[in-house]
Amino acid sequence: MAEDRVMEERQELMLSPKHRNPTHKFAHFLKPASLSTTIKKPISLNPHSLTRNSLKVSLNGFKTLQKGWKDWVNYMEPLHKATWQKAGIYNAVLNSSYKIIKNQDLILGFAQKWCHETKTFVFKWGEVGISLEDMMVFGGYPVLGRCVVLDVEDDESKRVVRILYDAMSELNKTSAKKPLQCRWMTMFKESGREIEHEAFLALWLSRYVFSSSNDVIVRNVCHMAVSLARGTRLALAPAVLASIYRDLSFLRNKIGADHNDERNAVVWAPFQLLQVWILERFPKISPNLVDSCNARFARWEKKKLIAENVGAILDCGLEDFSWQLYGNVYQEKGRSVDVVGECLDEELESWVRCIRNSELVGIEGKCIEQYLPHRVARQFGINQDVPVDVPRANISHKIAWGLYTRPIKDVKLHIPSQHPDPCVTVRYMEWWNKSYGECSLQSLDGNNQTEKFDKDESNMVGSEDHSMDDDDIYKLGVELGERISKLEAQFAYLKAKKDGAIC
């Protein structure tokens, strides 16, 4: 089906952040996009007020570094590094050994900007979001692999799962009457037992990936631990991202709820990933860091964010967001890739999963969240057009997973360069301005700029004192130059609209 293609190329009137004047050019876009500006907009930008006393939030999934865990990671790494790399979790496991200092105000501030319908953060200047690509780069989780819902199939794996269950049952008989993670570590750490590796991964999954209960081993991660210990790749990235989307929506609803509603909120998603995403994407509020060749979290270990910077980031502008591209798929120059059947290498196939609309299947299939990267195409170095709504396919986890793993229909894919200049269509700017009226180039389809120019000029002519020094003349020249550029952009837009080049 041609309609299911990932991207398309067409000629459009485009605006670049670096240049004011719209230009006609061939550009690449993520599908689906609309040729209309009348579709509905993201939610209102007016966030509900939030005070410390109005809502008590517990970010239970943002785990502290467990005592003894880093030592266990360092002990297991040389023994199982090759297996972790084969399973695609090497950096994710190392990430769990670094201490990220939680900034709850920052996370709650971003929750106020969250839109459940679009799965994006909505600012006055546009939409941005945490993506599967971020899960790969920052989190170290694989995008490809088996669904996390699928159980083990071979007899040997089933036997090991039963041993893990028996160990949990043994801890249930202790005074705590539950398999506490601290006692689990005491039972297995550097024990040399047959299933130490599986037990290690079960603790990692229960605490740092799919936490759902306070400091206990989660029964439904045991089959995943056994699979990963054998080097089987599981698609952890979509499952983790699904939990983040779910809990952001939950928090946003709680923040906007009536004050008579229950004012406690407990969430279990690993929001340390969200905090790292914020620090990476909004560098102005980030503390000074030292680049490291280690896992991504090493850059942010024990870095403390200054509290007063939180407000500044929520009022940020387009220039404050980092559109930097990550990953080896982006090269010095953009390139086109022919798609022959399904013969893409692992790196390219992972990238396609990151830029294609789909459904994210969470743990046990109970959590299914929509993934809409076409709304934030510029984060992948691709041009942005007006995004449209996408039908859901979440009747069951099997249907959702089928959509996530569907074959690629494109004949050719365009991969942008490492240093792209992603533009937006004039149509997109018009659509956004209808909602918010604030962006890098305003009111292309109106006379606001012309009226402002006439008013300001008449004020200058009618003033009593016409004497100006060199600084005044220079400032006036800059202002006039900016106004002329905006008028030229307005004229180009209106001419293109008259000629039928845009709708």
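Residues are numbered from 1 along each chain as its sequence is written, and side-chain values use heavy atoms, with hydrogens and water left out. Because the model is predicted, local features need pLDDT of at least 70 and side-chain atom pairs count only at pLDDT 80 or more, while totals for chains, interfaces and linings use all residues.

Select residues 114–115 and 126–128, which are the edge strands β4 and β6. They belong to an open sheet of three strands, ordered β4-β5-β6 with antiparallel pairing. Strands (E, at least two residues) and helices (H or I, at least four) are DSSP runs numbered from the N terminus, and two strands pair if DSSP finds at least two bridges between them. Trp114 stands opposite Phe121 in β5.

Next, show helix α14, residues 426–435, which packs on the sheet and touches β5 and β6. Contact means heavy atoms within 4.5 Å. The direction of α14 makes about 100 degrees with that of β6; axes are lines fitted to C-alpha atoms, for helices over the stretch in contact, and angles run from 0 to 180 degrees between N-to-C directions.

**Two packed helices**

Select α3 (residues 104–112) and α9 (residues 236–255), whose axes lie 8 Å apart at an angle of about 80 degrees. The two helices are therefore roughly perpendicular to each other, a label for angles of 65 to 115 degrees. Show the side chains of Leu108, Ala111 and Gln112 in α3, which meet Leu248, Leu251, Arg252 and Ile255 in α9.

**The largest pocket**

A pocket is an open set of points on a 1 Å grid over the protein atoms alone, with protein on both sides within 12 Å along at least five of seven lines; lining residues have an atom within 4 Å of a point. Centre the view on Asn91, Met136, Val137, Gly140 and Asn328, which lie nearest the centre of the largest pocket among its 27 lining residues. Then colour α12 (346–355), the source of the largest share of this lining, four residues.

**The largest cavity**

Finish inside the protein model, where a cavity is a set of grid points that a 1.4 Å probe fits but cannot get out of. To find the largest cavity, select its lining: Lys119, Thr120, Gly129, Ile130, Ser131, Tyr245, Tyr371, Leu372, Pro373 and Val376.

Terms used
Angles under 35 degrees count as roughly parallel, over 145 as roughly antiparallel, 65 to 115 as roughly perpendicular and the rest as oblique.
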